[in-house]
Amino acid sequence: MTITGRCYCGELTYRVESEPIMKGNCHCRECQYFSGGHPNAFLVMSDSTFQYTKGKPKTFTRSDLEKPRTREFCSNCGTHICTKSEFRPGAIVLKAGTLDDMSLFDKPDMAIFTIDKQPFHHLDADVPSYERMKP
């Protein structure tokens, strides 16, 4: 499967040749910052074939966390493209909003970090949800 995507302004584009490992909605407080308040829709993908086809991302890694995630985003428009973490070696967490074909996300396999869910967040009764990470 070939998946392509980009940032809002188009200065950063990517391609990955992989099937999603999983798809989800993350309700954690950190994702709420990035999404503007809502859950963050994501796909976990193998990073072995992920490549930027245009531009180079800016990265951000918090220095105050024991096991921080590295976030990659467009330095021009700020679109958050993906996250890399030692929690998922060999994988990237790709943000669904950056997909050229949003139908590839379809619906999440799970909702995680619902402990941080806001009253205006809605959970699909047909999607397994977890207060923290999936066990």
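The protein averages a pLDDT of 89, and 98% of the residues score at least 70. Here pLDDT is the predictor's confidence in each residue, from 0 to 100. Where pLDDT is low, the predicted coordinates should not be read in detail. Helices (H or I, at least four residues) and strands (E, at least two) are DSSP runs, numbered from the N terminus.

Residues are numbered from 1 along each chain as its sequence is written. In this predicted model, local features need pLDDT of at least 70, side-chain atom pairs count only at pLDDT 80 or more, and totals for chains, interfaces and linings use all residues, while side-chain values use heavy atoms, with hydrogens and water left out.

**Aromatic rings**

- Two aromatic pairs turn up in a search of the whole structure. Rings of Phe, Tyr and Trp (its six-membered ring) pair if their centres lie within 6.5 Å; planes under 30 degrees apart are stacked, over 60 edge-to-face, and the rest tilted.
- Tyr14 and Phe50 form a tilted pair, because their ring centres are 5.5 Å apart and their planes stand at 35°.
- This pair links distant parts of the chain: Tyr14 is in strand β2 (residues 13-17), Phe50 in the loop between β4 (40-46) and β5 (51-54), 36 residues apart.
- Both Tyr14 and Phe50 are buried. Buried means under 20% relative accessible area, exposed over 50%, and partly exposed in between (1.4 Å probe, protein chains only).
- Phe50 and Tyr52 make an edge-to-face pair, because their ring centres lie 5.0 Å apart with planes at 85°.
- Phe50 counts as buried because its relative accessibility is 12%.
- Tyr14, Phe50 and Tyr52 are linked into a cluster by ring pairs.

**Charge over a ring**

- Arg29 places its charged end over the ring of Tyr33, 3.9 Å from the ring centre.
- The criterion is NZ of Lys or CZ of Arg within 6 Å of the ring centre and within 35 degrees of the ring normal.

**Largest pocket**

- The largest pocket holds about 550 Å³ of space. On a 1 Å grid over the protein atoms alone, a pocket is an open set of points where a 1.4 Å probe fits, with protein on both sides within 12 Å along at least five of seven lines; lining residues have an atom within 4 Å of a point. Grid points are joined across faces, edges and corners, and the volume is the space filled by probe spheres set on the points.
- Of the 24 residues that line this pocket, the closest to its centre are Cys28, Cys31, Arg69, Arg71 and Thr83.
- At least two lining residues come from each of β3 (22-26), α1 (29-35), β4 and β9 (91-95).
- The lining has 15 nonpolar, three polar and six charged residues. Ala, Val, Leu, Ile, Met, Phe, Trp, Tyr, Cys and Pro count as nonpolar, Asp, Glu, Lys and Arg as charged, and the others, Gly among them, as polar.

**Positive phi**

- Most residues other than glycine have a negative phi.
- Asp106 has a positive phi of about 60° although it is not a glycine. Asp106 lies in the loop between β9 and β10 (110-112) and is exposed, at 65% relative accessible area.
- Phe113, also not a glycine, has a positive phi near 55°. Phe113 is in the segment after β10.

**Sequence and space**

- His27 lies in the loop between β3 and α1. His27 is buried, at 1% relative accessible area.
- Lys67 sits in the loop between β6 (58-61) and β7 (70-73) and is partly exposed, at 37%. Lys67 and Ser85 are 18 residues apart in sequence and 7.9 Å apart, C-alpha to C-alpha.
- Cys9 is in the loop between β1 (2-6) and β2 and counts as partly exposed, at 32%. Cys9 and Gly24 are 15 residues apart in sequence and 25 Å apart in space, C-alpha to C-alpha.
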